[in-house]
Amino acid sequence: MSFWEYANPRRFMAVTDRVVGPSFVLAGVLITTGLIWGFFFTPDDFRQGSTVKIIYLHVPSAMMAINIWIMMLVTSLVWLIRRHHVSALAAKAAAPIGVTMTLIALFTGAVWGQPMWGTYWAWDPRLTSFLILFLFYLGYMALWAAIEDPDTAADLTSILCLVGSVFALLSRYAVNFWNQGLHQGASLSLDKEENISDVFWFPLLACIAGFILLFIALVLLRTRTEIRARRLHAITLRERSA
């Protein structure tokens, strides 16, 4: 079976119909387990105290905010190259989820940063690039809403997604590009000296897995809704022209 068969709307709808429900359930179990485990059954950090526990919301949401944009980049490229409508609609469906994750990351980062840095906000390279990524999300969604023809909207938003991908990468690697800045390095790392302790790591992995599954469930559900809306739009146009 070819991967491109799933670009067929009927095939996509048939397969995802069996995936959305279990994904929501498993996501709920993992997120609930990770948050309860992390907030109630892990010790305070010897430097950051109990404020470190916001990591269970901040790190998964920040990771998803960046990776959702990268997913949008891939699906936008598929649209530009292969002209598969499901890919364009998947990118459109992912944007509101991405902007929500970015907002959660910005808010929890401010709450975490205030006791650590003495301020809710600093024009740190990673924070600044993350804010710009948030603005790109808003611009992407506004562009879809502003253009009536769906194919034209898909073309222009795909180009915008290509440009915004620079800031998605900057958000991820800004700490490596610039040595200055308040933001800490990666919480999850192959470097044992940089990676967080196992007592925090395992519940954090549960939260990350839960956020990933939650995104999969939401983007599939929203893509299915976009496909139905596109079909309804096509039927309405045919009825008007008849």
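Begin with Arg83, which is partly exposed at 38% relative accessibility (buried means under 20% relative accessible area, exposed over 50%, partly exposed in between, with a 1.4 Å probe and protein chains only). The model is predicted, so local features need pLDDT of at least 70 and side-chain atom pairs pLDDT 80 or more, while totals for chains, interfaces and linings use all residues. Residues are numbered from 1 along each chain as its sequence is written, and side-chain values use heavy atoms, without hydrogens and water.

Asp155 lies in helix H6 and Arg83 in the loop between H3 and H4, 72 residues apart (helices are DSSP runs of H or I, at least four residues, numbered from the N terminus).

Now select helices H4 (residues 85–117) and H7 (residues 198–241). Their axes come within 8 Å and cross at roughly 130° (axes are lines fitted to C-alpha atoms over the stretch in contact, with angles from 0 to 180 degrees between N-to-C directions).

Within this pair of helices, display Glu226 and Lys92. They form a salt bridge with the closest N and O atoms 3.3 Å apart. Glu226 belongs to H7 and Lys92 to H4, so the bridge ties together parts 134 residues apart in sequence. Glu226 is buried at 14%, whereas Lys92 is partly exposed at 25%.

Finally, select Arg224 and Asp17, whose salt bridge has its closest N and O atoms 3.4 Å apart.

How values were computed: Helix = DSSP H or I, 4+ residues; strand = E, 2+ residues; numbered from the N terminus. Salt bridge = Lys/Arg side-chain N within 4 Å of Asp/Glu carboxyl O.
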